[in-house]
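Hi everyone, thanks for making time.

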Amino acid sequence: MDPKCQCLELNDGHFIPILGFGTYAPEEVPKSEALEVTKFAIDVGFRHIDCAHLYQNEEQVGQAIRSKIADGTVKREDIFYTSKLWSTFLRPELVQPALEKSLKNLQLDYVDLYIIHFPAALKPGEELFPKDENGKMIFDTVDLCRTWEVLEKCKDAGLAKSIGVSNFNRKQLEKILNKPGLKYKPVCNQVECHPYLNQSKLLDFCKSNDIVLVAYGALGSQRLKDWVNPSYPILLEDPVLCAIAKKHKQTPALIALRYQMQRGVVVLAKSYNKKRIKENMQVLDFELTPEDMKAIDGLNSNVRYFT
Ligand SMILES: NC(=O)c1ccc[n+]([C@@H]2O[C@H](COP(=O)([O-])OP(=O)(O)OC[C@H]3O[C@@H](n4cnc5c(N)ncnc54)[C@H](OP(=O)(O)O)[C@@H]3O)[C@@H](O)[C@H]2O)c1
């Protein structure tokens, strides 16, 4: 890993950069943009790239990483790449083939982090969101402890340097942590986290178990109509964030990102806009005061954008 990169140590000895580039874009955005923006993000200094099979852009994101290695901007070991095991692949026999499919799309030999995307299984098959004739999602019954055991094997096989989870609550984490014969603890739990949903209890639990919390939706999410209720308040227009931003001559987005870093949370920032991608790197260049942190803590109001 690049020595200039600001990282946290994971419980398996690997390092994760505290700022990550979010690559998810809705279906209507051409996939070629993922290639362009990921290359740009690497050019301006992002070293942690968050992606997933579900996003259907691993081919382009992998191409971006490989092209930045080929032109000498980075080495493979400078990049921290996360992929996620989608819910239709949670049956033990489907786990390693799913990771191998991601690696094939990426044209990479390993991912730095492979995480269970969501703690609920969906019916296996081609459909990412299998539905019955009434449009209801078809779930599957899988013991996530068995899924976890295969992830441990993928780590041993070198296909993933580290393994973790996403969208797990405390009880679901405990189930893995208390599993008889556990070989590796999850290194992280990636969850929705921002000033309106600061996850302080889950963060304390994760810290006490040496699990890194990774924040998504840290800028208030993309407010996509299929996922987010449009009547929810817009995070980056919050008056407290705006006032702190003005005081530091920064933007509300940078305040929301910096807040996470100063509480020991790894933070993802999605942007497909070059000016904002560049801006988001500036989060490493200033500090919030304890009073600022306290004021932002006070915004916690249980607003969960992803319902
Ligand atoms: N594990 C999971 O279940 C899960 C769920 C959701 C997301 N994620 C991951 O987390 C990443 C980030 O979350 P997210 O996609 O919900 O979005 P987000 O990081 O909260 O960003 C929301 C929006 O903020 C805008 N933005 C970015 N930088 C900005 C700036 N400096 N000033 C003003 N606006 C700015 C972006 O729009 P522009 O593109 O127009 O700049 C973006 O659409 C995703 O891309 C994905 O990698 C994971």
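I'll start with the ligand and its surroundings, then move on to a pair of helices. Keep in mind that this is a predicted model.

Okay, the ligand. How many residues surround the ligand? There are 29, and the closest ones are Asp50, Gln222, Lys270, Ser271 and Arg276. If you sort that shell by class, you get eleven nonpolar residues, 13 polar ones and five charged ones.

Now some individual contacts. Ser271 has a polar side-chain atom 2.6 Å from an oxygen of the ligand. With Glu279, a polar side-chain atom sits 2.9 Å from a ligand nitrogen. And His117 has a side-chain N or O atom 3.4 Å from a ligand oxygen.

So how much of the ligand does the protein bury? On its own the ligand would expose 900 Å², and 87% of that is buried by the protein. Two elements each give two or more residues to the shell: strand 12, residues 266-270, and helix 9, residues 274-281.

Right, on to the helices. A pair of packed helices is described by the angle between the axes and how far apart the axes are. Helix 3 covers residues 92-106 and helix 4 covers 144-156; they pack at about 35°, with axes 8 Å apart. The crossing is right-handed.

Which residues meet there? From helix 3 it's Pro92, Val95, Gln96 and Leu99, and from helix 4 it's Arg146, Thr147, Val150, Leu151 and Cys154. By class, that contact has six nonpolar residues, two polar and one charged.

That's my tour, thanks!

Key
Residues numbered from 1 in each chain as written. Predicted model: local features only at pLDDT ≥ 70, side-chain atom pairs only at ≥ 80, totals over all residues. Heavy atoms only, no water. Near = heavy atom within 4 Å. Polar contact = N/O pair within 3.5 Å; in protein donor to acceptor, adjacent residues only side chain to side chain. Areas by Shrake-Rupley, 256 points an atom, 1.4 Å probe, with all protein chains shown as cover. Helix = DSSP H or I, 4+ residues; strand = E, 2+ residues; numbered from the N terminus. Nonpolar A, V, L, I, M, F, W, Y, C, P; charged D, E, K, R; others polar. Axes fitted to C-alpha atoms, helices over the stretch in contact; angles between N-to-C directions. Left-handed = near helix turned anticlockwise from the far one by under 90°. Contact = heavy atoms within 4.5 Å.
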